[in-house]
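Biologist: Can you put the model up so that we can go through it together? I'll just ask things as they come.

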Amino acid sequence: MSFWIYILRCSDGTYYTGHTDDLERRIAQHQSGAFPGYTHERRPVELVFSEYFQTRLEALDRERQIKDWSRKKKEALIRGDWRAVSDSARSRPRVSTSLDARSNPTVKEQSSKSVGFEPVENRPPPPVIVLVRPQLGENIGKAARAMLNFGLTEMRLVTPRDGWPNPDAGPAAAGADIVLEQAQVFDSLADAVADCLHIYATTVRKRGVTKPVVTPEQAAREIHTQPGRSAIVFGPERSGLETDDVAVARKILTVPINPEFGSLNLAQAVILCSYEWSKHQTLASPTMTEFDPPALQEELNGFIETLETMLDKAGYYYPPDRTPVTKRTLRTLLTKPAWNSNEVRTLRGVLSALANPRER
């Protein structure tokens with residue numbers, strides 16, 4: 001099977017990076033608006049870059065890597081300027097979701113061995129998420145969303161109650177379509193984990209089965225260091241895993257929880273385990289907004305002086321012998337935030353409006 005990462009240029013000049021195993025179909029979904037999320041309200045979109053990989057893991061690693069690149073480096077990649085890509089790597093990386101559009105973009109399809117591409121580390125594959133007898137399609141979709149949030153894509157279903165595919169899963173997945181599209185259905189838990197070496201059964205109850213017990217954090221460390229494929233198994237929403245299901249696992253995975261209320265829904269349980277696994281990965285952090293520099297002291301002094309004058313006229317400084325202390329306290333308060341120039345001008349505008357109210 002083939003896997004792709006791709007970059008789309010949206011109508012507002014921003015770029016969207018994604019991955020898929022069917023590039024032509026996925027781009028058509030973006031262009032038609034059938035794919036929910038970021039691009040839906042930013043059409044028309046245009047494919048400006050794509051890259052082919054032989055495994056989904058490589059594609060996911062590459063997608064995360066590119067999402068964390070600077071604007072300069074992304075634009076160099078789109079142009080196919082490998083020297084600029086290399087030079088940009090020396091600058092401080094940041095997450096960018098807003099890129100300037102290029103007038104003549106070109107589509108590049110390069111292998112993972114191309115110049116400037118960083119090799120994927122040799123490490124155990126991501127864990128498989130196994131849902132045993134899930135009851136609601138909506139919960140399957142929410143679990144898929146939780147998985148993809150933290151870079152997991154392989155879901156296996158054991159005899160889902162309402163069959164598969166389930167029309168309620170798609171809307172609840174909120175764009176995690178790749179997880180649902182690739183989900184596999186099995187007749188038994190034993191079949192679902194037959195290719196796995198390490199199997200963790202999630203439960204907060206004692207099931208009469210004596211097995212090692214680990215937390216999600218401990219399980220995540222083991223999954224990242226032990227060879228072979230791992231599976232994390234979750235039970236149905238109403239009752240959780242049965243004793244026979246737990247018996248299939250090598251270890252029990254549980255979390256410290258309120259003994260008076262130990263009920264986690266399916267998606268919550270999946271997201272706990274997925275998050276702990278992701279902490280050992282290189283996932284992109286939310287976009288950081290660069291704040292404007294603080295205003296010059298001259299601007300801040302002007303604002304404070306105007307405020308002091310207005311307060312003096314209003315009789316705020318009382319008793320008179322406390323005036324110096326009150327002014328000092330007020331100045332200390334107003335100089336704590338790092339007001340920028342625009343914020344100081346806004347505050348002065350507020351004072352001006354209070355001093356000279358307009359008639360409505």
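Biologist: Where does P319 lie?

Modeller: P319 is in the loop between α12 and α13. Helices here are DSSP runs of H or I with at least four residues, strands are runs of E with at least two, and both are numbered from the N terminus.

Biologist: And what is the peptide bond from Y318 to P319?

Modeller: That one is cis, with omega near 0°. Most residues other than glycine have a negative phi, and most peptide bonds are trans. There is also a cis bond from W164 to P165, with omega near 5°, and P165 lies in the loop between β5 and α6.

Biologist: Before I go on, what are the ground rules?

Modeller: This is a predicted model, where local features need pLDDT of at least 70 and side-chain atom pairs count only at pLDDT 80 or more, while totals for chains, interfaces and linings use all residues. Residues are numbered from 1 along each chain as its sequence is written, and side-chain values use heavy atoms, with hydrogens and water left out.

Biologist: OK, back to α13. How far apart are its end C-alpha atoms?

Modeller: They are 18 Å apart. The helix has 13 residues, 323-335, and at 1.5 Å a residue it should span 18 Å, so the two agree. The expected span is 1.5 Å times one less than the number of residues.

Biologist: Which residues of α13 are buried?

Modeller: T323, L330 and L334. They sit on the same side of α13, because they cover an arc of only 35° around the axis; that arc is taken from the directions from the helix axis to the C-beta atoms. Buried means under 20% relative accessible area, exposed over 50%, and partly exposed in between, using a 1.4 Å probe and protein chains only.

Biologist: What's on the face turned away from that, and what covers the buried side?

Modeller: The face turned away carries the exposed residues R328 and T329. The cover over the buried residues includes α12 (297-313).

Biologist: Switching to rings. How many aromatic pairs are there?

Modeller: Five. Rings of Phe, Tyr and Trp (its six-membered ring) pair if their centres lie within 6.5 Å; planes under 30 degrees apart are stacked, over 60 edge-to-face, and the rest tilted.

Biologist: What kind of pair do Y316 and Y317 make?

Modeller: Edge-to-face, because the planes are at 75°, with the centres 5.5 Å apart. Y316 counts as partly exposed at 46% relative accessibility, whereas Y317 counts as buried at 8%.

Biologist: What lies over the face of Y317?

Modeller: K327, at 5.3 Å from the ring centre. A charge sits over a ring if NZ of Lys or CZ of Arg is within 6 Å of the ring centre and within 35 degrees of the ring normal. R42 does that too: its charged end is over the ring of Y38, 3.8 Å from the centre. Y38 also forms one aromatic cluster with Y6 and Y16.

Biologist: Now the core. Which residues of the largest nonpolar core touch the most other members?

Modeller: Of its 29 residues, those are I129, L131, M155, F234 and V270. Elements that give two or more residues to this core include β4 (128-132), β5 (155-158) and α11 (266-278). A nonpolar core is a set of buried Ala, Val, Leu, Ile, Met, Phe, Trp, Tyr and Cys residues joined through side-chain atoms within 4.5 Å.

Biologist: What is M155 in contact with?

Modeller: Leaving aside neighbours within four places in sequence, its partners include I129, L131, I140 and V179. Contact means heavy atoms within 4.5 Å. A second, separate core of 17 residues includes L189, A231, V233 and A249.

Biologist: Last one: which non-glycine residues have a positive phi?

Modeller: R133, at about 50°, and A174, at about 55°, are examples. R133 is in the loop between β4 and α5, and A174 in the loop between α6 and α7.
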